[in-house]
Amino acid sequence: GLADWEIKCIQTAFAGHFQHVSWHHHDEDDCFVPFMKQRVTYPDKLEADHPKIEAQCKKVKQAIEELTEGDTVDEIIVEWKKYGDMIGPHMDEEEATALLLLRAYFKPKDL
């Protein structure tokens, strides 16, 4: 099972990831997407994915926060895999559509 120091390392690392993903979605939903919608038809699916991804990310976060010495990461691996299966394709789709729309319809000075 996990030692206390290993748990703290996992919790610290994931806290940074969780904060990054939360800010990423907040910035997109509240600022970036409304800005892009002024010129382009932004794919609804990209916005609709966020609540599902965030819910799964919170499951991972909860499992990590509840770790105690001697536990294993088996449950976390299962939840992380589900999360990865959601966020990976989402990020690929953002890069394949939103990024291309951004480059096609906006100049660097617009940003």
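**Entry 1: helix H2**

I began with H2, which has 22 residues and reaches 32 Å from its first C-alpha to its last, close to the 32 Å expected at 1.5 Å a residue. The expected span of a helix is 1.5 Å times one less than its number of residues. I take helices as DSSP runs (H or I, at least four residues), numbered from the N terminus.

This is a predicted model, in which local features need pLDDT of at least 70 and side-chain atom pairs count only at pLDDT 80 or more, while totals for chains, interfaces and linings use all residues. Residues are numbered from 1 along each chain as its sequence is written, and side-chain values use heavy atoms, with hydrogens and water left out.

I looked for bends and found a kink of about 25° at His-50 in H2, shortly before the proline Pro-51. The bend at a residue is the angle between axes fitted to the seven residues ending there and the seven starting there.

Next I listed the buried residues of H2: Leu-46, Asp-49, His-50, Ile-53, Gln-56, Cys-57, Val-60, Ala-63 and Ile-64. Buried means under 20% relative accessible area, exposed over 50%, and partly exposed in between (1.4 Å probe, protein chains only). An α-helix has 3.6 residues a turn, so residues three or four places apart point the same way. H1 and H3 are among what covers the buried residues of H2.

**Entry 2: helix H3**

I ran the length check on H3 too: its 32 residues should span 46 Å at 1.5 Å a residue, and the end C-alpha atoms are 45 Å apart, which agrees. H3 bends by about 30° at Glu-94. Glu-94 is itself buried, as are Ile-76, Glu-79, Tyr-83, Ile-87, His-90, Ala-98 and Leu-102 of H3. The cover over these buried residues includes H1 and H2.

I then looked up Glu-79, found in helix H3. Glu-79 counts as buried because its relative accessibility is 13%. Leaving aside neighbours within four places in sequence, I find Glu-79 in contact (heavy atoms within 4.5 Å) with Gln-56, Lys-59 and Val-60.

**Entry 3: nonpolar cores**

Which residues touch the most other members of the largest nonpolar core? Of its 14 residues, they are Phe-14 and Tyr-83. Helix H1 (4-36), helix H2 (44-65) and helix H3 (74-105) each give two or more residues to this core, and H2 gives the most, with five residues. A nonpolar core is a set of buried Ala, Val, Leu, Ile, Met, Phe, Trp, Tyr and Cys residues joined through side-chain atoms within 4.5 Å.

Beyond four places in sequence, Tyr-83 contacts His-17, Val-21, Ile-53, Gln-56, Cys-57 and Val-60. I also noted a second, separate core of eight residues, including Val-33, Met-36, Val-40 and Tyr-42.

**Entry 4: cysteines**

I searched the whole structure for disulfides and got zero. The cut-off for a disulfide is a pair of cysteine sulfur atoms within 2.5 Å. Cys-57 is in no disulfide either, and its nearest cysteine sulfur, that of Cys-9, is 19 Å away. Cys-31 is partly exposed at 48% relative accessibility, whereas Cys-57 is buried at 1%.

**Entry 5: Pro-43**

I finished with Pro-43, in the loop between H1 and H2. Pro-43 is partly exposed, since its relative accessible area is 22%. Not counting residues up to four places away in sequence, Pro-43 touches Thr-97 and Leu-101. From Pro-43 to Val-33 I have 10 residues in sequence and 9.7 Å in space, C-alpha to C-alpha.
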